[in-house]
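Open the model in your viewer and keep the selection panel at hand.

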Amino acid sequence: MEFESNYSEVDDTTNVTNNTDNHGWQKVTYAKKQRKLPAKQSDSGKIVQNGSSIGGGGDKVFQSLEKQSEERRRRIEAQKAAIAAAYDTPIRSSKHRSDDEADDSDAEGADGVVQNGNVDEKKTKPKKPKKPKVTIAEAAAKIDASDLGVFLADVTASYESQQEIQLMRFADYFGRAFSAVNSSQFPWTKLFRESTISKIADIPVSHISEAVFKTSVDWISHQSYEALGSFVLWCLDSILADFASQQAGAKGSKKGLQQTSSKSQVAMFLVVAMVLRRKPDVLISLLPTLKENSKYQGQDKLPLIVWVIAQACQGDLAVGLYSWAHHLLSILGGKSGSNPQSRDLVLQLVERILSAPKARTILVNGAVRKGERLVPPSALDLLLRVTFPASSTRVKATERFVAVYPTLKEVALAGAPGSKAMKQVSQQMLTFALKAIGEGIPELSREATNIFIWCLTLHPDCCKQWDKVYMDNLDASVAIMKKLTEDWKALSVKQSSLEALGDTIRSFRHKNENALMDVEEAARQKLFKDADKYCKVILGRLSRGHRCMKGVGLVIFAIGIGIALMPQQSFNSWDWNKLSVLFSTQQSF
């Protein structure tokens with residue numbers, strides 16, 4: 001009790017003293033600041049700033065709180081480290097940053113993003129070195145003709161009986177030579193789509209040297225047509241595969257358009273051009289495949305096919321016109337025929353063919369190639385319709401067809417009159433012409449009538465063929481007989497057989513007389529009357545010409561007798577020029 005009272009007195013005295021020193025004010029402290037004090041204190045107790053003391057067990061009061069706080073801090077740091085690892089960006093706690101880092105924070109702000117005290121530094125990727133762009137001309141200039149010759153000799157010896165492999169190795173040689181040329185240096189799809197044929201026809205052959213070209217074509221000349229045909233199709237398939245990949249790239253991602261193909265497309269075009277220029281007949285064997293296989297058809301493939309035919313033209317104009325007439329011209333009769341781009345490409349090619357030196361002479365003399373006509377009757381029929389359309393359907397391209405039509409018609413009708421081959425041609429053309437005359441288009445009817453009369457003069461059997469179809473083509477037959485009467489003087493001289501024509505016209509008269517008495521033919525009475533009128537005129541001229549020929553025969557017989565009985569002096573004094581004029585005048589009848 002005495003100890004307690006003494007303690008109370010001391011305590012009261014201390015409080016009074018403190019109250020007196022602080023003038024009644026007391027400083028308040030918090031537990032958070034207590035944790036920042038040095039950890040090692042005297043076990044006897046801790047003196048706080050307000051004069052109160054804490055016993056030795058005071059450290060244990062906040063131990064659990066500090067432990068929880070430390071664990072929480074560690075978890076936060078772990079989460080931050082995990083997030084940093086996910087983004088591959090180092091995260092540094094603001095608590096562990098040095099003073100130097102704090103001083104450089106402004107400089108780092110330009111390169112990194114600060115979020116919640118963390119700095120995300122921008123990772124710089126090393127730039128890949130750009131490959132130098134190589135043009136076709138630069139790659140072609142590095143090809144050595146002697147090296148190519150050694151390579152081809154080695155390939156021929158190694159694969160002597162395997163021409164397909166030889167040709168593929170031939171393509172691989174140029175593929176390696178042009179492997180550095182990417183699509184940006186040879187954008188062939190855009191080039192073919194936007195350029196004229198005259199501009200693309202010599203691409204890429206114009207870039208290689210004459211020595212390399214000669215070495216190549218000399219080697220190609222020893223390859224078989226069958227192997228070359230398969231090789232050209234293989235190359236075309238490679239080109240079309242590249243075309244399909246470019247179309248897919250244009251629709252989707254544009255990445256990859258600059259990538260170089262394993263087999264450079266420059267090489268594919270080059271070897272196809274050299275094969276077709278050296279052996280153009282290879283193309284003729286491929287035309288059925290190009291016409292029947294859908295992967296070679298379509299407006300988007302047309303520039304490539306035109307380029308292929310242009311290569312064959314360089315080797316043989318006749319092969320070029322044959323391919324044009326048998327394949328390209330038929331496109332105008334289909335759905336693509338109404339497309340202006342298609343018409344333009346078809347016309348560009350034939351204009352290029354006909355503008356070649358001595359083109360007309362070469363094509364007319366070679367109108368028949370291995371039993372087949374360069375311009376068959378079906379092609380001339382289609383050409384007739386695009387050259388002489390109805391006035392309401394004329395387009396800008398019509399005038400260009402009018403310009404090339406005369407030469408193409410001459411090639412189509414070239415041949416020996418009376419021959420078996422021309423008989424077949426004339427009979428086919430007669431059918432086409434008769435149908436065209438009946439369509440009622442003035443310009444088309446006039447041109448078709450001229451072709452029909454040409455058929456009659458070419459072979460007598462055409463007259464018999466006309467007789468068979470007379471009743472079904474009465475309108476056209478009237479127009480033909482009218483033309484015969486108007487131009488009889490010129491046409492009768494060209495007629496192969498006036499006797500066959502006379503028999504046909506007499507048959508028409510008989511049919512006209514029966515039709516005029518037939519009630520069922522009442523609607524065509526006027527046509528039959530017109531036809532009968534022209535029949536009478538033609539028969540009258542034929543009979544007059546027949547009488548003239550008899551008279552000429554009698555005159556010749558009399559002159560022969562007179563010459564035999566005439567003295568030599570009188571015989572020498574005759575004017576033979578006047579006599580020849582007399583005979584020629586009689587013949588014109």
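Buried here means under 20% relative accessible area, exposed means over 50%, and partly exposed lies in between. Keep in mind that this is a predicted model.

**Stop 1: the cysteines.** Select cysteine 235. Is it buried or exposed? Cysteine 235 has 0% relative accessibility, so it counts as buried. Now select cysteine 463. Its relative accessibility is also 0%, and therefore cysteine 463 is classed as buried. How many disulfides does a search of the whole structure find? The search returns zero. For cysteine 463, the nearest cysteine sulfur belongs to cysteine 462 and is 7.1 Å away. A disulfide needs sulfur atoms within 2.5 Å, and cysteine 463 is in no disulfide.

**Stop 2: threonine 504.** Stay on cysteine 463 and show its backbone oxygen. That oxygen lies 3.3 Å from a polar atom of the threonine 504 side chain. Threonine 504 sits in helix α26, residues 498–517. Its relative accessible area is 5%, so threonine 504 is buried. Display its contacts beyond four places in sequence: Cys463, Lys464, Trp466 and Asp467.

**Stop 3: lysine 423.** Select helix α21, residues 420–437, and pick out lysine 423 within it. Lysine 423 has 27% relative accessibility, so it counts as partly exposed. Leaving out residues up to four places away in sequence, lysine 423 touches His459 and Asp461.

**Stop 4: the largest nonpolar core.** This core holds 148 residues. Which of them touch the most other members? Select Phe174, Phe178 and Trp324. Then colour helix α13, residues 265–278, which gives the most to this core, with 11 residues. Centre on phenylalanine 174. Beyond four places in sequence, its contacts are Ile143, Leu148, Val212, Ser216, Ala267, Leu270, Val271 and Met274.

**Stop 5: a helix pair.** Two packed helices are described by the angle between their axes and the distance between the axes. Select helix α17, residues 340–354, and helix α20, residues 396–413. Their axes come within 11 Å and cross at roughly 35°. The crossing of α17 past α20 is left-handed. Show side chains where the helices meet. From α17, take Arg343, Asp344, Leu347, Gln348, Val350, Glu351 and Leu354. From α20, take Ala397, Arg400, Phe401, Val404, Thr407 and Leu408.

Key:
Residues numbered from 1 in each chain as written. Predicted model: local features only at pLDDT ≥ 70, side-chain atom pairs only at ≥ 80, totals over all residues. Heavy atoms only, no water. Core = buried A, V, L, I, M, F, W, Y, C linked by side-chain atoms within 4.5 Å. Buried < 20%, exposed > 50% of the residue type's maximum accessible area, 1.4 Å probe, protein only. Helix = DSSP H or I, 4+ residues; strand = E, 2+ residues; numbered from the N terminus. Contact = heavy atoms within 4.5 Å. Polar contact = N/O pair within 3.5 Å; in protein donor to acceptor, adjacent residues only side chain to side chain. Axes fitted to C-alpha atoms, helices over the stretch in contact; angles between N-to-C directions. Left-handed = near helix turned anticlockwise from the far one by under 90°.
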